[in-house]
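Please look over the sequence and the model below. The report that follows takes up sheets, cores, cavities and a few single residues.

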Amino acid sequence: MLSIRKAAAVACLGVVLSPELARAQDPTPTAPMDLPPVVVSATRSERTVADQPMSVTVVEKEQIEETPGNALDDVLRTTVGINLPFLASYQIHPGGNSFSMRGLGGIRALVMLDGVPLNDPFFGYVQWSRVPMENIERVEVVRGASASLWGNYAMGGVVNIITRKPGDKSTYTASGGGGSYGTYRGNGSADIVMSDEVKVRANFNAWGTAGFNQIQPAYGPIFVPTSFNALTGQFAAYFDPDPTLSANFRVNVFSENQVLRTSLLSNNQQVYDLAGNVTKKLGWADLTVTAFHEQSRLVSNTTATPAGTAFGQGEYTQGILTTPVWSTGASAQLSGRVNDVVRQASIGVDFQQIAGSDTANILNQAGSQIRTDIGAGSQRFLGIFGQLDIYPVDSVEVLLSARFQNYQNFDGFDGLPSGQGVVPNSSQNSFDPRLSVMWKATPNVALRAAAYSAFRAPNLDNLYRAFSTTSLIFLPNSQLTPERLKGAEAGFDAKFGKVSGQFTAFYQELTNLITFRTLPAAQLPPGFFFGTQNINAGKAVVQGIELQAAWQIMDGLKLDANYTTVSSIIVDNQYDPASIGKEQAGIPTQQAAATLSYADPRGWRAAARFRWIGQSWGDNANTMPLDSFTVFDVSAGYRFKGVEAFVDVQNLFNAYYIADNSGFAPPQQGTPFSIFAGLKARF
């Protein structure tokens, strides 16, 4: 294994140096075009990154292609401000794919696919494999509360994944490869230009891995490598019948199978979604209407240890949980320029309705069903939002946005042990403004500041879904109410020649925090000796600093680096006083990343990525530490006549680190040394 790692390192170094040796014999200068990327997510309108009065990062397709990984979360791990589980999305239960920003923890950020919510409507998690990396044009990352424009989940920020669209002529691509631990990947796409007015794109992706053993053999023979296999298909059509009208429509299909840590612990999921968008220019304003629908079904098998058997020495299927859910939504927005002072005014309305259930068939050791746990409910979100973009003078921008949100729970049913049965309907309102100010102090420096509020409603998982083993039970709570956030930030953006940078300091107060408490024996359902229940409890204060810099060293050679320090402290929790003053689980106090990338016009490319994660905790009581770790990744490729050969290496030096230490399973290892190689062709 060591010789393979050395060979991979030498190969990537050779790819970097070869173009420089060739350059001595080829004096042809290069002058790549450096256009600022366009961002839609920050203001629900197209603007360049340099014109945003907030903290924004755009991850371009070139960065995605050069980053070793199997799903988009592998790419986003080095993006400043993002908090992801340390295990990859395909190495954990789908419900464990939490996503947040700026130390908020849990599921407290909104992820969208072409402006449509990607967060699972029942659980809130993000299934990153639903969007093949080969189908992504760019990823827009907006840090800081964006609930004033985007509503629920946008408490910590917004990520918008923009998929690729056909160009001016028909093209076809194919790629495939294989690597360590039985990993394979294949992708094919077709961009068909039927006319100037009609274009279509189809993309199909299949990938999987036999996985590695995340749990050490010493814990018992039942633990096996975590395997994952996924199929994804997308069809999209784009229409531009005249200069004032454009429309698009897409359909996505996704299926995955996962064996998680033991041979009986498994997950199977199917997701079907469709979305459409129409934009009409009405003189001074644009009207945009979007609609979407999603249906999914997740089946999870849970396991338990047979009576009289030591942990890790045997298992049986203890529960079969089936979770179907559907979601339908729409939005309409009118935006236009008013005058030289009010350069844009927007008003809009959006709607989403969700219905889902979770049925758990609980089995005994002999395989006979002993009970059925049922939780079900529906949610409805209705929001009205508006935004004014004001320039009192040319160098100062004031961006004011606000949303009124109504949130309803209805048709709730709590059929769990000791459950209440039919749950009364409930309704909550929220008003969430945001004020952003940017002053371009000089042509090279812009100062910015913002203040905001946001909310996050409890999802159907928080409200109605239980999880249990033979003696342990983890209960939801149908009486949960939304979390609330108030925050502020200040910082600056600077660009001097080939060097640019961004600094942001932020402060956030999260109240009505959704967490859980340990149940006393008198409140446990019969037959259980330990249990927890979701609750609204207390308050957390989250504050930190984000730094990022980019240096275009020379044509084709670029260095990107960032550093984050964050304090995410629970300051009030009446149900768990031991957690007060402690860091929230899963949030490292410090992290840093850097990427050195090279691209040559003759077809060579290479990149080296470093990320360092500081110490964190697996639990809110801070009794289960996760030590700091450092990982190096490298990639390289060579393109010749439309075909590229590439190699990607994750964890080049095979650093051993624990990526999960929550206490609900033995400590789990993060991704070891992995190599993947393949070909990409474009016709």
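## A four-stranded sheet

Four strands make an open sheet in the order β24-β25-β29-β28, and the pairing is mixed. Its edge strands are β24 (467–468) and β28 (514–518), and each of these pairs on one side only. Strand names follow DSSP: helices are H or I runs of at least four residues, strands are E runs of at least two, and numbering starts from the N terminus. Two strands count as paired if DSSP finds at least two bridges between them.

The model is predicted; local features need pLDDT of at least 70, side-chain atom pairs count only at pLDDT 80 or more, and totals for chains, interfaces and linings use all residues. Residues are numbered from 1 along each chain as its sequence is written, and side-chain values use heavy atoms, with hydrogens and water left out.

Within this sheet, β25 (residues 472–475) and β29 (residues 530–536) run parallel, joined over four bridges. Ile473 stands opposite Gly531 in β29.

## A five-stranded sheet

Another open sheet has five strands, ordered β3-β8-β9-β6-β7, again with mixed pairing. Here β3 (55–60) and β7 (116–117) are the edge strands, each pairing on one side only. Strands β6 and β9 pair in the parallel sense over four bridges. Met112 has Asn160 in β9 as its bridge partner.

Strands of a sheet pair through backbone hydrogen bonds, either parallel or antiparallel.

## Antiparallel pairs

Strand β16 (residues 285–304) pairs with β17 (residues 316–336) in the antiparallel sense, over 20 bridges. Glu294 has Ser327 in β17 as its bridge partner.

Strand β17 also pairs with β18 (residues 342–363), antiparallel over 16 bridges. These two strands, β17 and β18, form a hairpin with five residues between them. Ser335 stands opposite Ser346 in β18.

## Nonpolar cores

The largest nonpolar core has 30 residues; Phe99, Trp128, Val139 and Ile161 touch the most other members. At least two residues of this core come from each of α3 (72–76), β6 (110–113), β8 (136–143), β9 (157–163) and β13 (227–242). A second, separate core has 25 residues, including Phe122, Leu149, Tyr153 and Phe385. A nonpolar core is a set of buried Ala, Val, Leu, Ile, Met, Phe, Trp, Tyr and Cys residues joined through side-chain atoms within 4.5 Å. Buried means under 20% relative accessible area, exposed over 50%, and partly exposed in between (1.4 Å probe, protein chains only).

Which residues does Trp128 contact, leaving aside its neighbours within four places in sequence? They are Ala71, Leu72, Asp73, Leu76, Leu84, Ser89, Phe99, Val111 and Ile161. Contact means heavy atoms within 4.5 Å.

## Cavities

Twelve cavities of 30 Å³ or more turn up in a search of the whole structure. A cavity is a set of points on a 1 Å grid over the protein atoms alone where a 1.4 Å probe fits but cannot get out; lining residues have an atom within 4 Å of a point. Grid points are joined across faces, edges and corners, and a volume is the space filled by probe spheres set on the points.

The lining of the largest cavity consists of Arg77, Ile82, Asn83, Leu84, Phe86, Gly586, Pro588, Gln591, Arg611, Ile613 and Phe629. The elements giving two or more residues to this lining are β4 (82–83) and β33 (604–613). By class, the lining has six nonpolar, three polar and two charged residues. Ala, Val, Leu, Ile, Met, Phe, Trp, Tyr, Cys and Pro count as nonpolar, Asp, Glu, Lys and Arg as charged, and the others, Gly among them, as polar.

Gln669 lies in strand β39 (residues 668–669). Gln669 counts as buried because its relative accessibility is 11%. Beyond neighbours within four places in sequence, Gln669 contacts residues including Leu87, Phe212, Tyr656 and Tyr657.

Ser597 sits in strand β32 (residues 590–599). Ser597 is buried, with a relative accessible area of 12%. Not counting residues up to four places away in sequence, Ser597 touches Glu66, Gly556, Leu557, Lys558, Ala606 and Ala607.

Leaving aside neighbours within four places in sequence, Arg380 is in contact with Phe351, Gln352, Gln353, Asn406, Tyr407, Gln408 and Phe410. The C-alpha atoms of Arg380 and Gly211 are separated by 39 Å, and the two residues are 169 residues apart along the chain.

Methods:
1 Å grid on protein atoms, 1.4 Å probe; cavity = no way out; pocket = protein on both sides within 12 Å on 5 of 7 lines; lining within 4 Å.
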